[in-house]
Amino acid sequence: MATFGVSPDKEQALADRMEALGIREEDIVEKFIRSGGHGGQNVNKVATCVYLKHLPTGTEVKCQQERFQSLNRYLARRILTDKIEVAILGRKSEEEKRIAKIRRQKRKRSKRAKEKMLADKRHVSEKKKDRSFRPGPLDE
């Protein structure tokens, strides 16, 4: 695998993940396009935008997040593996995990947990009431 300008650990993790999903470098068509936007002369002269297409699944990815082609190559492959993982394995995507977590948090509390929470709130409100200003003998 080519070097992408990231740490060897990250490169190896990406390579392992691609291998686990059955994504081979030979199955990926890679093209470089000129990016637009911020980056100045570097972006205008160098083709930093990376386009990837995974031939077996037909999944396409375009990445121009960074100013450097090597880093965009790495990011594009990471995005591609995310998309293919969701498509092929049908595993819960990160988005589905996030939604499930929110559902769990919003789920109705048990009666005992609700009573405990309300008791804590009452206790805090009592403490706040005690802090309120009370005129003393010198303030009158």
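This is a predicted model: local features need pLDDT of at least 70, side-chain atom pairs count only at pLDDT 80 or more; totals for chains, interfaces and linings use all residues.
1. The largest nonpolar core has 15 residues. Among its members, Ile23, Ile28, Leu52, Ala76 and Leu80 touch the most other members. In soluble globular proteins, nonpolar side chains tend to be buried together.

2. At least two residues of this core come from each of helix H1 (8-21), strand E2 (49-54), strand E3 (59-63) and helix H3 (69-89). The largest share, five residues, is supplied by H3.

3. Leaving aside residues up to four places away in sequence, Ile28 touches Met18, Ile23, Leu52, Lys53, His54 and Leu80.

4. Helix H1 consists of 14 residues, and the distance from its first C-alpha to its last is 20 Å, close to the 20 Å expected at 1.5 Å a residue. Just after H1, Gly22 adopts a positive phi of about 80 degrees.

5. Within H1, the residues Glu11, Leu14, Met18 and Leu21 are buried. They lie on the same side of H1 because they cover an arc of only 95 degrees around the axis. On the face of H1 turned away from this buried side are the exposed residues Pro8, Asp9, Glu19 and Ala20.

6. Glu95 belongs to helix H4 (residues 94-106). Its relative accessibility is 43%, so Glu95 counts as partly exposed. Glu95 and His54 are 41 residues apart along the chain, and their C-alpha atoms are separated by 22 Å. His54, in turn, is one of the residues that Ile28 touches.

Methods. Residues are numbered from 1 along each chain as its sequence is written. Side-chain values use heavy atoms; hydrogens and water are left out. A nonpolar core is a set of buried Ala, Val, Leu, Ile, Met, Phe, Trp, Tyr and Cys residues joined through side-chain atoms within 4.5 Å. Buried means under 20% relative accessible area, exposed over 50%, partly exposed in between (1.4 Å probe, protein chains only). Helices (H or I, at least four residues) and strands (E, at least two) are DSSP runs, numbered from the N terminus. Contact means heavy atoms within 4.5 Å. The expected span of a helix is 1.5 Å times one less than its number of residues. The arc is that of the directions from the helix axis to the C-beta atoms.
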